[in-house]
Amino acid sequence: MLFATKNGNPISVSNYERLLRSFVDDNRETLEELGMEVDQYSTHIYRRTTATLVEHAAGLTLASRLLGHANEQITRTSYVVSAEEVDPITVDVLDEILGS
């Protein structure tokens, strides 16, 4: 579980998407200054980021299973981003947040 309520229960997708939209609206200028394409920011980014990190650390099979895909090619094509495709600003932000 990636996101939970303050009581530890899973947060509903609709509530999370509402919070995400509010966050983007409140921080649009800062996000744009960081080079993020805020109009494309969605919950799908978290699935892609997670799949990419898991694939890099443990392989495509585990990333595919984590996302619930029956076919690893779906994971590779739609979710896993190769290091050459990642924007350097994104790399810097993730390194700072997650530690390198």
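So, surface first: the protein chain has an accessible surface of about 7500 Å², and 52% of that belongs to carbon and sulfur atoms. Those areas come from the Shrake-Rupley method with a 1.4 Å probe, and for residues only the protein chains shown count as cover.

Before I go on, some housekeeping. This is a predicted model, where local features need pLDDT of at least 70, side-chain atom pairs count only at pLDDT 80 or more, and totals for chains, interfaces and linings use all residues. Residues are numbered from 1 along each chain as its sequence is written, and side-chain values use heavy atoms, with hydrogens and water left out.

Okay, the fold. We've got 5 helices and 0 strands, with helices (H or I, at least four residues) and strands (E, at least two) taken as DSSP runs and numbered from the N terminus. The C-alpha trace spans about 35 × 35 × 25 Å along its principal axes. Of the 100 residues, 17% count as buried; buried is under 20% relative accessible area, exposed is over 50%, and partly exposed is in between (1.4 Å probe, protein chains only).

What's inside? The largest nonpolar core has 6 residues: Tyr16, Leu20, Val24, Leu31, Val38 and Tyr41. By core I mean buried Ala, Val, Leu, Ile, Met, Phe, Trp, Tyr and Cys residues joined through side-chain atoms within 4.5 Å. Apart from that one lies another core of 5 residues, including Ala51, Leu67, Tyr79 and Val80.

Now have a look at His69, in the loop between helix 3 (60-67) and helix 4 (72-78). Is His69 buried or exposed? His69 is buried, because its relative accessible area is 17%. The side chains of His69 and Thr75 make a polar contact of 2.6 Å. That term means N or O atoms within 3.5 Å; within protein, one must be able to donate a hydrogen and the other to accept it, and residues adjacent in sequence count only if both atoms are side-chain atoms. Leaving aside neighbours within four places in sequence, His69 is in contact (heavy atoms within 4.5 Å) with Arg47, Ser64, Ile74, Thr75 and Tyr79.

Leu34, Met36, Leu53, Ile89, Val93, Ile97 and Leu98 make a nonpolar surface patch of about 600 Å². Helix 5 (residues 88-98) brings the largest share, 4 residues. Val93 sits in helix 5 and counts as partly exposed because its relative accessibility is 33%.

Notes:
Patches are made of residues with over 30% relative accessible area and no salt bridge: like charges are joined within 9 Å, nonpolar side chains (Val, Leu, Ile, Met, Phe, Trp, Tyr) within 5 Å. A salt bridge is a side-chain nitrogen of Lys or Arg within 4 Å of a carboxyl oxygen of Asp or Glu.
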